[in-house]
2 protein chains.
Amino acid sequence: MHTTSAVPTRAAAAALDDADPLACFRARFTGTDDEGPDRVLYLDGNSLGRMPRDTPAALARVAEQEWAQGLVGSWSGWVEHATRIGDALAAGVLGARPGEVMISDTTSVDLYKLLVAAADARPGRDVLVCCADDFPTDRYVVAGVAAQRGMQVREVPAHIDEGLDTGVLSAALDERVAVLVLSQVAYRSGALVDVAAVTALAREAGALVVWDLSHAAGAVVADLGASGADLAVGCTYKHLNGGPGAPAFLYVRRELQEQLRQPIWGWFGAADQFEMGPVYDPAPGIERFAVGTPPVLAMAAVEVGVALVAEAGIERVQAKGRALTDLLVALADAWLAEHGVALASPRDATRRGAHVSLAHPHAWQLTQALIARGVVPDFRTPDRLRLGPAPLYTRFVDVWDAMERLRDVLATGAHESFPAERTRVT
Amino acid sequence: MHTTSAVPTRAAAAALDDADPLACFRARFTGTDDEGPDRVLYLDGNSLGRMPRDTPAALARVAEQEWAQGLVGSWSGWVEHATRIGDALAAGVLGARPGEVMISDTTSVDLYKLLVAAADARPGRDVLVCCADDFPTDRYVVAGVAAQRGMQVREVPAHIDEGLDTGVLSAALDERVAVLVLSQVAYRSGALVDVAAVTALAREAGALVVWDLSHAAGAVVADLGASGADLAVGCTYKHLNGGPGAPAFLYVRRELQEQLRQPIWGWFGAADQFEMGPVYDPAPGIERFAVGTPPVLAMAAVEVGVALVAEAGIERVQAKGRALTDLLVALADAWLAEHGVALASPRDATRRGAHVSLAHPHAWQLTQALIARGVVPDFRTPDRLRLGPAPLYTRFVDVWDAMERLRDVLATGAHESFPAERTRVT
């Protein structure tokens with residue numbers, strides 16, 4: 001699309017919207033009413049998804065009916081929420097079976113739990129592998145577990161524009177490796193990893209993989225069951241639209257559950273936590289990976305977000321994400337390359353998730369200039385402008401208009417009036 | 001009060017309400033409008049506190065304004081919420097200094113983090129001490145950390161009716177002990193431990209103490225600063241009324257923060273998490289004990305609950321809790337002893353928190369019979385009826401009426417028609 005094809009027109013983008021089977025989902029989110037030319041173009045759903053319109057009512061129901069009126073008696077229902085939502089996520093989004101997914105803690109804490117459990121299941125192996133370009137929490141949690149256990153960390157590089165080289169990865173997976181931690185979709189480049197292929201590589205080497213699906217869940221097909229994945233964690237506040245700091249999910253393949261024990265022995269992971277017995281006896285299924293009291297209010301918002309993705313269908317979501325980012329890449333090639341903007345994501349849509357990064361030496365200033373013009377991207381060190389057109393609520397014309405505003409910023413040099421020195425960014 | 005004094009009358013209870021300086025706080029909670037004789041008498045605020053009337057608006061504000069409208073830009077404010085609410089809790093409830101408390105994770109996860117950090121700070125010591133009658137998560141987390149590190153667990157007994165014997169505890173704290181985990185208020189008996197005295201004992205033995213304030217915070221004075229406490233965790237959904245599964249808090253004495261590292265190296269514990277650098281460098285202050293993305297929606301509810309306790313004043317809350325449970329104990333002595341009910345909590349009000357346990361062989365049936373009559377207690381294995389008249393919204397007449405209903409159940413044998421075999425309870 002980037003070489004010889006004509007530059008897509010706004011009318012062509014509008015035609016894509018007219019043909020979009022997911023177009024109806026846009027109205028299910030707040031902040032999507034404004035159709036004017038100055039409207040905010042939100043391209044950061046990969047960081048914090050928009051709020052579904054049903055979410056406030058769900059929160060109010062849990063607070064004002066279940067909590068305020070039902071009081072402690074509501075626990076008879078609440079105690080199942082983490083696995084009920086997990087099952088919905090498994091069936092509708094992740095391609096997993098009932099009893100393999102639950103909502104729990106944060107992505108970082110879940111990663112720690114599964115990583116320690118996996119390392120314990122590979123005694124005598126002293127190496128943990130992660131990707132040098134993976135999200136900080138993944139690399140940091142791996143480093144922390146390695147430090148705690150006297151293990152070594154082996155970092156594999158990633159081509160920032162094309163993703164992980166499986167040849168390099170394969171060479172890193174030797175008989176010393178206990179666990180590999182890897183994101184299905186890379187947080188900066190959006191590069192998509194083949195879960196089945198990497199799982200097979202690791203299994204051949206005798207290692208387990210803990211997948212981080214944070215930038216993948218709700219954006220691309222994970223198909224955990226078919227891919228043979230053993231362990232995964234992920235975030236619900238990005239493409240699952242569960243709200244700021246929403247609780248995370250974890251996945252453990254059914255056949256592996258009884259073999260694994262996680263290290264934080266909280267009462268909700270016990271076989272019968274209300275028996276309150278003298279000895280911790282882990283629950284038989286996925287609930288053994290739970291720790292403390294589940295976050296009931298926050299889970300109500302997660303449930304709404306998960307249901308929307310499931311209703312839309314993850315295959316359709318992925319297809320639209322590819323088409324949206326294809327348009328973005330085509331416009332970047334046509335309009336921005338001459339201003340020194342380079343694509344820092346896989347050019348092949350089948351090899352990326354639902355976000356794209358553009359590299360530019362003044363990416364920080366571009367970020368500020370875009371925000372001033374009503375386009376919300378995010379900045380990622382050192383020189384990346386990250387654009388995530390969330391498929392459920394972003395239109396092709398939104399991408400077109402956002403890219404036009406970016407072209408205008410670059411053409412006029414409007415970004416040069418913004419400070420080059422970075423302040424704390426989120 | 002239990003021996004020679006006259007049985008308190010309902011008029012005497014009403015007079016206590018008339019003189020109650022906290023009476024005005026009752027209207028600040030939902031479910032308190034009904035004044036009829038058949039109203040629900042909620043005596044389980046020590047398990048799940050009632051919902052403050054301001055909570056739904058706080059949730060709606062965060063969802064509909066900050067999230068839906070502010071989108072990812074709201075993180076510039078949200079990033080401070082965990083420590084801002086922590087500071088309010090420190091100043092208004094816990095007697096700690098700014099920068100010593102933050103909202104984070106669950107009680108179980110926070111306990112794990114601080115316990116591992118504390119054990120690391122006492123190298124060469126191989127024993128963890130906890131109380132045999134402490135809440136399951138405390139005992140289980142201690143057991144899990146001991147198993148992970150090859151340490152031994154030493155459990156000290158507690159007199160269920162009078163609390164911990166400091167002589168016994170002192171004998172258990174020898175030079176092998178790295179860390180003691182202990183609840184300030186025992187979850188079953190309500191026995192109150194002297195934080196300053198136990199902290200001094202442990203310090204003399206060279207051990208650290210991780211306090212669990214779950215049943216204490218918002219019910220009794222903790223005064224962490226004055227007592228010399230080093231480390232604490234606690235729950236916000238009981239007497240802090242933060243909602244079901246609300247996130248927990250942790251406390252680390254300022255002077256100790258730089259010496260400790262917790263084991264779960266998540267990005268929110270890093271010195272500059274948005275720099276996303278190659279190496280985990282823990283944040284300089286209390287934030288090094290954070291892990292993943294903070295639960296913004298859930299914290300909004302916590303903030304409302306914390307503010308209410310701070311406004312009421314924890315000394316006044318504690319005084320009312322003693323008076324309420326004094327009334328409860330007096331009525332139990334006068335009315336229930338003849339039916340085989342025995343007090344299973346300290347008789348001295350200065351030695352207990354804001355809840356009381358009554359022992360009876362048919363406690364499970366009594367629990368069901370009370371719920372059928374609109375009294376909400378909870379049951380604790382094997383034979384305890386636990387009654388927590390939360391000081392902020394429970395009146396003296398509520399305690400009187402609840403005890404009268406319990407007396408009637410026992411006198412008529414109404415509980416005998418309920419199943420003796422326990423089902424799963426919450």
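I looked up K238(A) and found it buried, because its relative accessibility is 7%, under the 20% cut-off. I note that the model is a predicted one.

**Entry 1**

I turned to K238(A) because of its record: an unreviewed UniProt entry annotates K238(A) as "modified residue: N6-(pyridoxal phosphate)lysine". I then placed K238(A) in the chain; it sits in the loop that joins β7 (231-234) to β8 (249-252) of chain A. Which residues does K238(A) touch, not counting residues up to four places away in sequence? I listed G45(A), N46(A), S47(A) and G49(A), together with S214(A) and H215(A). For N46(A) I also noted a distance: its backbone oxygen is 3.2 Å from a polar atom of the K238(A) side chain.

**Entry 2. Helix α4(A)**

I next asked how many residues of helix α4 (residues 81-94) of chain A are buried. The count is 10 of the 14 residues, so the helix is largely enclosed by the rest of the structure. I recorded the buried residues as H81(A), A82(A), T83(A), I85(A), G86(A), L89(A), A90(A), G92(A), V93(A) and L94(A). After α4(A) comes G95(A), with a positive phi near 70°.

**Entry 3. Contact between chain A and chain B**

I then examined the contact between the chains, to which chain A gives 74 residues and chain B gives 74 residues. The buried area came to about 6500 Å², with 67% of it from carbon and sulfur atoms. On the chain A side, I found that W67(A), Y140(A) and M276(A) lose the most area to chain B, together 13% of what that side buries.

**Entry 4. Polar pairs and make-up of the interface**

How many salt bridges does the rule find across the interface of chain A and chain B? I found one. R422(A) and E275(B) form a salt bridge, in which the closest N and O atoms are 3.4 Å apart.

I traced the chain A side to its helices: α2 (55-67), α3 (75-78), α5 (107-120), α6 (136-149) and α11 (296-312) each supply at least two residues that touch chain B. The largest share, nine residues, comes from α6(A). Sorted by class, the side of chain A that touches chain B holds 44 nonpolar, 21 polar and nine charged residues.

Notes:
Residues numbered from 1 in each chain as written. Chains lettered and ligands numbered in written order. Predicted model: local features only at pLDDT ≥ 70, side-chain atom pairs only at ≥ 80, totals over all residues. Heavy atoms only, no water. Contact = heavy atoms within 4.5 Å. Buried area = accessible area lost by both parts, 1.4 Å probe. Salt bridge = Lys/Arg side-chain N within 4 Å of Asp/Glu carboxyl O. Helix = DSSP H or I, 4+ residues; strand = E, 2+ residues; numbered from the N terminus. Nonpolar A, V, L, I, M, F, W, Y, C, P; charged D, E, K, R; others polar. UniProt positions renumbered as here; feature names shortened; annotations may be inferred. Buried < 20%, exposed > 50% of the residue type's maximum accessible area, 1.4 Å probe, protein only. Polar contact = N/O pair within 3.5 Å; in protein donor to acceptor, adjacent residues only side chain to side chain.
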